[in-house]
Amino acid sequence: MEKARIETRNVSITFPGVKALSNVNFSVETGDIRAVVGANGAGKSTLMKVLAGANPGYTGEVLFNGSPVELRNPAAAKKLGIEIVYQEVDMALFPSQTVAENIMMNKLIGGMKGKAAVNWPGIRKEARETLQRLHIDIDVNKLVSELSLAQKQMVLIARAVQGNCNFLILDEPTAPLSTAETDKLFELVDHLTKTEEIAIIFISHRLQEVLQICKTLTVMRNGEMVDNSEITPETTINEIVTKMLGRSFSENFPKVQTEIGEVAFEVEKLCDKEGMLKDVSFNVRRGEIVGISGLVGAGKSELCKTIFGARDKKSGTVKLDGKALKINSPTDAVRCKLGLVPEERRKEGVLVDEPIYFNLSAANLAKFCNGLIVSRKKQLDNAEGYIKSLGIVTPSSSQRVALLSGGNQQKVAVGKWLAADCDVYIFDEPTKGVDIGAKHDIFTLIGDIAAAGKCAIYVTSETSEILAITDRTYVMYDGRVTAELETAKTTEDEIMFYSTGGQKQ
């Protein structure tokens, strides 16, 4: 079978105040697994959106099998077999519809013209055949709202390859997945390239995975292509990072030394109404960074949401400075000076269609009012301060958050709560989908929060981050705390032991 090839020649694109791409030459052909890496804002997503027809304002040329083509809308990209699966899978699916309806959505929307009725048995049959072809075991009659994140991602991939797919762009596909789910995804990717002869463009900040699964590598920096090469057994993470940043960089972040005070925040025997949390107890001292560690599905995010009133509590108490807090909603939590930076930042952490200045004031609008009227000047002054102190890369504070890179969106999500001046900050997977440079900035921010005498709770499945930033950590497994560890005296192996259900002897 003859290979298909897509390439760009001197492709550039400019947004207000930002040269997002500058004369980029990129190519990939079917059967290849090409990694595209770079710091946040390097231009990866912008380039991928050009290929997907979602950035029509580009200059330069795009060629398909050597012939110029115009990719000015998603329909033109789909006609060439270019599909993209974005990181925020929930934004691309219809939760109240079935797996079959979601997989066959393109056909339901575009292929039923002139037909009196939908052949639902046929739709379900085609969806089932697509899943079987990809060795994916999901019931086509199940509602998407009932699926796990990993299953939702599989449904999106099945939708992408259900038609004529030559090039599949995966944007941070492993970010929400457990180790087992990631292995399953990699098996699917291997099948797609070898059996289906589809090109995979793999965007990821997890460089170990890039070395594990990808054949070729494209590195971007500041909107430019800085490297195109094959991945060999000699290729190292440090080598890639140096190309990404234009300088050497260590991921060993120095732990900020803070003055740790008395216990200020306490959670005692917390259970949620859905039965995920089972008598969870922990505490945090002022000036302390406490980790909540565990694998995907351990109950970490459910714990965060239950504390914050976004999930119904069945029993247990939450105390601040010895006083029991009555939290039945996020509004109550904010009133009690708690802040939560959630895992799904685009869905829950920021208002993507609003400007930066509004987002940075959203957690405490009363602070920015003159009487009953919100002061735009106060919002803008506040935003300028945080844009500078957080290092948010943007042409102005009026930029819509949706147009920022993932790392800069996360900084806005953090800055929103800094402006609210909370006593307790909960960070749920704060570095998910951000690059090494942004990760360093976020670690520094959290260190500064602790140094100011606040309580910081750092929730992650990345044990390396737990070891780098926390003072103590509680390990969760199956909705329970299985261990409390002093970070300086523990190891990655010990954390993993308790994360997989190990018990103290």
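1. Contact here means heavy atoms within 4.5 Å. With that in hand, residues 24 or more positions apart account for 68% of the chain's contacts that have a separation of 6 or more. Please keep in mind that this is a predicted model, where local features need pLDDT of at least 70 and side-chain atom pairs count only at pLDDT 80 or more, while totals for chains, interfaces and linings use all residues. Residues are numbered from 1 along each chain as its sequence is written, and side-chain values use heavy atoms, with hydrogens and water left out.

2. Along the principal axes, the C-alpha atoms fill a box of roughly 70 × 55 × 50 Å. Buried residues (under 20% relative accessible area; exposed is over 50% and partly exposed in between, with a 1.4 Å probe and protein chains only) make up 55% of the 505 residues.

3. The chain has 18 helices and 22 strands, taken as DSSP runs numbered from the N terminus (helices H or I, at least four residues; strands E, at least two). Two strands pair if DSSP finds at least two bridges between them. At one end, strand 9 (residues 216-221) and strand 10 pair in the antiparallel sense over 6 bridges, and Met220 has Met225 in strand 10 as its bridge partner.

4. Within helix 7 sits Thr182, which counts as buried at 6% relative accessibility. Beyond its neighbours within four places in sequence, Thr182 is in contact with Thr174, Leu177 and Glu209.

5. Strand 13 (residues 289-293) deserves a look: 5 of its 5 residues are buried, so the strand is largely enclosed by the rest of the structure. Ile289, Gly291 and Ser293 point one way, and Val290 and Ile292 the other. Strand 13 pairs in the parallel sense with strand 20 (residues 455-460) over 5 bridges and with strand 21 (residues 472-477) over 4 bridges. Gly291 has Tyr458 as its bridge partner in strand 20, and Ile292 has Tyr474 in strand 21.

6. Tyr474 also belongs to a cluster with Phe265 and Phe282, linked by ring pairs. Rings of Phe, Tyr and Trp (its six-membered ring) pair if their centres lie within 6.5 Å; planes under 30 degrees apart count as stacked, over 60 as edge-to-face and the rest as tilted. The whole structure has 8 aromatic pairs. One of them, Phe497 with Tyr498, is edge-to-face at 5.0 Å centre to centre and 70 degrees between the planes. Phe497 is partly exposed at 39% relative accessible area, whereas Tyr498 is buried at 7%.

7. Finally, a charge over a ring: Arg72 lies over the face of Tyr58, at 3.7 Å from the ring centre. The criterion is NZ of Lys or CZ of Arg within 6 Å of the ring centre and within 35 degrees of the ring normal.
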